[in-house]
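Here is a short briefing on pockets and surface. Look at the structure first, then read the points below.

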Amino acid sequence: MGGIILFDGECNFCNASVQFIIKRDAPGYFRFASLQSDIGRQLVLQYGISPSIDSLILIEQEHAYIRSTAALKIARRLQGVWRCCYVAIIIPLAIRDVTYNIFARNRYRWFGKKESCMIPSSEQRSRFL
């Protein structure tokens, strides 16, 4: 079984990131759900993730990963040079997450916010929960 990526469905950058991942995940390892969806909220509760987490979450092998750890674990599964980004996992978590949190706090200001979650194309629909 593959991983599940929970993302902020109202965030333009997050939606673009989902499209980026889909293009580089030819085997279809990842499935997706927005944090605002019923299944997204259910998975947050099921894995004991704080509801205050409003950014990237990866559920893989019965574990939930958040922030920079989630991003790096996703990168290692992508095709191309992106898997090399996983090397950054050696950077201490506190340092990685400071950088991640700064970006996450400013993502709406820098990239904008949607009024509603994205609607996947018919080809992508099977990848969404």
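Helices (H or I, at least four residues) and strands (E, at least two) are DSSP runs, numbered from the N terminus. The model is predicted. On that numbering, β1 (4–7), α1 (12–23), α3 (67–75) and α4 (93–111) each give at least two residues to the lining of the largest pocket.

**Largest pocket**
- The space in the largest pocket comes to about 710 Å³.
- Its lining counts 29 residues.
- Nearest the centre of the largest pocket lie F13, L56, A71, L72 and Y100.
- The lining of the largest pocket splits into 22 nonpolar, four polar and three charged residues.

**Second largest pocket**
- The second largest pocket holds about 190 Å³ of space.
- Among the residues that line the second largest pocket are D8, Q36, R41, D54 and Y108.
- L35, V44, L45, P51 and I53 also belong to the lining of the second largest pocket.
- Helix α2 (residues 38–46) supplies the largest share of this lining, four residues.
- By class, the lining of the second largest pocket has six nonpolar, three polar and three charged residues.

**Nonpolar surface patch**
- F13, V98, I102, W110 and F111 form a nonpolar surface patch of about 460 Å².
- Helix α4 gives the largest share of the patch, four residues.
- F111 sits in helix α4.
- F111 counts as partly exposed because its relative accessibility is 37%, and partly exposed runs between the 20% limit for buried and the 50% limit for exposed.

Notes:
Residues numbered from 1 in each chain as written. Predicted model: local features only at pLDDT ≥ 70, side-chain atom pairs only at ≥ 80, totals over all residues. Heavy atoms only, no water. 1 Å grid on protein atoms, 1.4 Å probe; cavity = no way out; pocket = protein on both sides within 12 Å on 5 of 7 lines; lining within 4 Å. Points joined across faces, edges and corners; volume = space filled by probe spheres on them. Nonpolar A, V, L, I, M, F, W, Y, C, P; charged D, E, K, R; others polar. Patch = residues over 30% accessible without salt bridge, like charges linked within 9 Å, V, L, I, M, F, W, Y side chains within 5 Å. Areas by Shrake-Rupley, 256 points an atom, 1.4 Å probe, with all protein chains shown as cover. Salt bridge = Lys/Arg side-chain N within 4 Å of Asp/Glu carboxyl O. Buried < 20%, exposed > 50% of the residue type's maximum accessible area, 1.4 Å probe, protein only.
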